[in-house]
Amino acid sequence: MKRAFVLLTLVALLVAGCAPVRGMPPAPPPSMGTGIDPQTWALVPGGEFLLGQHNHETTIDCDYEVMVTEATNAQYARYLNDALATGTVRIVDDQVVGYYPGDEFHGCDHEEKIEAGEWLHIPLDDPGLRLDFDGSSFTPKPGYENHPMVMVTWFGAKAYCEFYGWRLPTEIEWQKAARGPDGRPFPWGDEIEPNNANFYSSHDLSEKIVGALGDTTPVGFYNGRSYEGYQTLDSASPYGVYDMAGNVWEWAADVYEGAHYRYMRGGSKANYAYNLRVWTRNNAGPDYFGPSAGFRCVRAVTE
Amino acid sequence: MQAISKRFNYLFRSTKGLALVAIALISLVAAIWGTLSGPLAEWGIKDIMVRVLGMDLVEAEREGRIIMLYHTIAMAVVAIEVYFITDLVPMKDHERATINATITAGYLIAMFFGLWYAYFGHERVFHGIFLFGQSLVFFAGVLLAAALWPWKKEYRVKDPDYAHAGGVDLERLAFFMVAVATLGSSLFGAVTGSYWGSGHETFLAEDVIREPHKTALQLAILGHLHIMLTLIGMDITLIIGRWFDFKGLLHKIAMPLMIVGCIVITLAVWALVPYEPYAHIFIYVGAVPSMLAALMLVIFGWDKLIREGLAEHGITKASFWQKLKALVYDPLRFGSLWQMVFMNFTVSGVGIFMAVTLEETMRVMPAREERITLTGHWHILSAIIATIILFYFADRVGLKGRVRRWFGWLVIVSSDLAFGAATVFSLKRLFVSESAQQPLVNWTVLLTDVGLATVLVALASFMLWRLFDLFRKEGRWAQELAAGELASSEGTTSALEREVAR
């Protein structure tokens, strides 16, 4: 009996050990259109709304527009090619870098100096990057064209927006775009279902390939359409903005006194559902990059 | 009727029965509320549980619910430790009975009404009753501190082998100091809680770690939760010391260290609000003697296990392997001390490493990852304390022979597997990049889940055994009751025996 138990345990361990290693996807994902155009913008009206978990009444003075989806790999590749051509960014030691004028330093506990100089925008040698670089120009990896741009630092996200005359949203602007005027916890309402958004163990299509942590989904994926039998729920915010919960964290513009950290919003494919609530914050140094961090931009109303 | 009355006496008037009820309730709460997160939530069990029980889960109230849940479990754990203390430390019968009755009523009220308020609608009256229950627990603590007063003549040390100063029993003084520190520290949290809704907003400590400017109320809460868990840890160390009849030179060094550590660390935590930058230094200073005291208990206890094990087999000149065999022969006694050692690998060591290399290792991660490390840190510490309580309780209820060894080793191996894997998971960014972490995540999560599930199965089996036993007319419970297990008489016997011993 004892021998059988030991043998069984060894066999179980062996079988588990021989399971295919799940890391980055072994093959590119199929190109998948969602019907949501990443080039479009949504109008967010100024005015009062409820900020944060405890619903503090807050006012935004003027209307603004926000990208309907997160910035995609295709968009960022196009930007990099333009920015390289104009000299806004340059490539140094497998990194795309660009100038940042620095932060005011207050000498607070754990605060680090962010000095003027060239800072990392994206690393070129990390397998998480969904862009190819042939030495002269960038292209998105096949299948990832309309996935959110990841592995981008706060500097890289800010530079993208400013290159086109836009900017990163403040945390307040981001939250109003996500929840609208009422106090809802998720962009679409009060409850979250697995097919509302891409989050940890949400059983989306990518999880079948890479496991519970999943991979990014194409931007605007959760719009009520069915993909290969996988039915999504229409999960736009009250202003028609997609992916404000899940898929990737989104960098916000704010620089706070006494801290070098930059904040991110929205939760990601690697987080449990409660991290997708609109008031949940994440933060990291401005030079942080990861496969679950992206961004979108805002701009002044064009008409 | 007599059958019910007998069982009531066992469950609510004997130390073993009282501890059994509290452990059973904690297990039940863990079994039900454990489905609301982690793998069981992923498998859809959460949705079923919410539907079946009619829970009302509002997203914005998640943090508040969790805080209520922590408090209800903590009250029961504190009650268990108090039962053990009133049983182990000499005191008068009426003191013992009053303390046990008060804390039992307190934690039961806090648990039922706290969970009812938090998870099944928000009837404000229930919140009030929850606070009343917590107040009873606090009042029981005041009674305990009074009963433990170490300067009473009848409790002076007679045996010079035990730590003493001017005849005062330093171990009793240590129990007293921890009780007083716990009372003050719970007030520290209660005062802050009284601002709830009028300037104080619910938050989880791990969510404000990187805020450059924390409010006084936030600092107070951070201090409260850290010191309460620390004091629970100190108490279980003292209880295990009693179990091993800790004495001799190491005892004489350890007890003053424990007392000094308790005082310094508690005052330092209370000072967190006005003097945050300096308080941390004193917290580290206070932690060192407390941990040294625990180390001395481990050295004493392991030496004792080896000596007793060898003597039992009549071995006078033992080889290394014979000593090792004697050391690990009884997993309950060995395990209770081993878990204290293992804690250094998964909690203290990691905590010190994190503190020392904060800027280079932790603060380069996103906050959500540092948060995972922090929550893992204190979940593991809580769980380690729980396993030590279980080992002591399993010994008290007379787990013997093969069952004792299977239960003990199952809990040691599987809990350490889970804690070790969870530690690796929480520190994963030190070994792998975010892009390449999936295999490590898969393995560590699997091992953690397997380890925890095994511990829970062992605990459930243990609880079911005791539950079925209650349905037997002449079950183990009846033997324990007949053997004079009523808390009053039992306590007197134990106290007298110990007084004679001392």
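Guide: Two residues are in contact when heavy atoms lie within 4.5 Å. The model here is predicted.

Visitor: Which residues does B:Tyr107 touch, leaving out those up to four places away in sequence?

Guide: B:Tyr107 touches B:Val21, B:Ala22, B:Leu25, B:Met75, B:Ala76, B:Ala79, B:Tyr83 and B:Val137.

Visitor: How many residues are in the largest nonpolar core, and which have the most contacts inside it?

Guide: In soluble globular proteins, nonpolar side chains tend to be buried together. Here the largest nonpolar core has 129 residues. Those with the most contacts inside this core are B:Tyr107, B:Leu148 and B:Ile240. Helix α5 of chain B, residues 62–88, gives the largest share of this core, 12 residues. There is also a second, separate core of 38 residues, which includes A:Met67, A:Val89, A:Ala159 and A:Tyr160.

Visitor: How should I read chain A as a whole: how many helices and strands does it have?

Guide: Chain A has five helices and 16 strands. Of its 303 residues, 56% are buried. Among the contacts in chain A with a separation of 6 or more, 69% are between residues 24 or more positions apart.

Visitor: Next, the backbone angle phi. What is the phi of A:Asn55?

Guide: Most residues other than glycine have a negative phi. A:Asn55 is not a glycine, yet its phi is positive, about 55°. A:Asn55 sits in the loop between β2 (47–51) and β3 (56–60) of chain A. A:Asn55 counts as partly exposed because its relative accessibility is 34%.

Visitor: Where in chain B is B:Asp245, and what is its phi?

Guide: B:Asp245 is in the loop between α9 (216–243) and α10 (249–270) of chain B. Its phi is near 50°, again a positive value in a residue other than glycine. With a relative accessible area of 27%, B:Asp245 is partly exposed.

Visitor: What does the side chain of A:Lys176 reach, and which residues does A:Lys176 touch?

Guide: A:Lys176 belongs to helix α4 (residues 171–179) of chain A. Its side chain reaches the backbone oxygen of A:Gly46 at 3.5 Å. Not counting residues up to four places away in sequence, A:Lys176 touches residues including A:Val44, A:Pro45, A:Glu48, A:Phe49 and A:Tyr239.

Visitor: What are the domains of chain B?

Guide: The domain assignment gives domain 1 (1–147), domain 2 (148–199 + 212–316) and domain 3 (330–471). To read a pair of domains, take the distance between centres and then the contacts. Over C-alpha atoms, the centres of domain 2 and domain 3 of chain B are 22 Å apart. Between these domains, 17 residues of domain 2 are in contact with 20 residues of domain 3.

Visitor: How far apart in space are B:Asp56 and B:Leu272?

Guide: Separation in sequence and distance in space are read side by side. B:Asp56 and B:Leu272 are 216 residues apart in sequence and 36 Å apart in space, C-alpha to C-alpha. B:Asp56 is found in the loop between α4 (45–53) and α5 of chain B. At 36% relative accessibility, B:Asp56 is partly exposed. Leaving aside neighbours within four places in sequence, B:Asp56 is in contact with B:Ala118, B:Tyr119, B:Phe120 and B:Gly121.

Definitions and conventions. Residues numbered from 1 in each chain as written. Chains lettered and ligands numbered in written order. Predicted model: local features only at pLDDT ≥ 70, side-chain atom pairs only at ≥ 80, totals over all residues. Heavy atoms only, no water. Core = buried A, V, L, I, M, F, W, Y, C linked by side-chain atoms within 4.5 Å. Buried < 20%, exposed > 50% of the residue type's maximum accessible area, 1.4 Å probe, protein only. Helix = DSSP H or I, 4+ residues; strand = E, 2+ residues; numbered from the N terminus. Polar contact = N/O pair within 3.5 Å; in protein donor to acceptor, adjacent residues only side chain to side chain. Domains from an automatic or database assignment.
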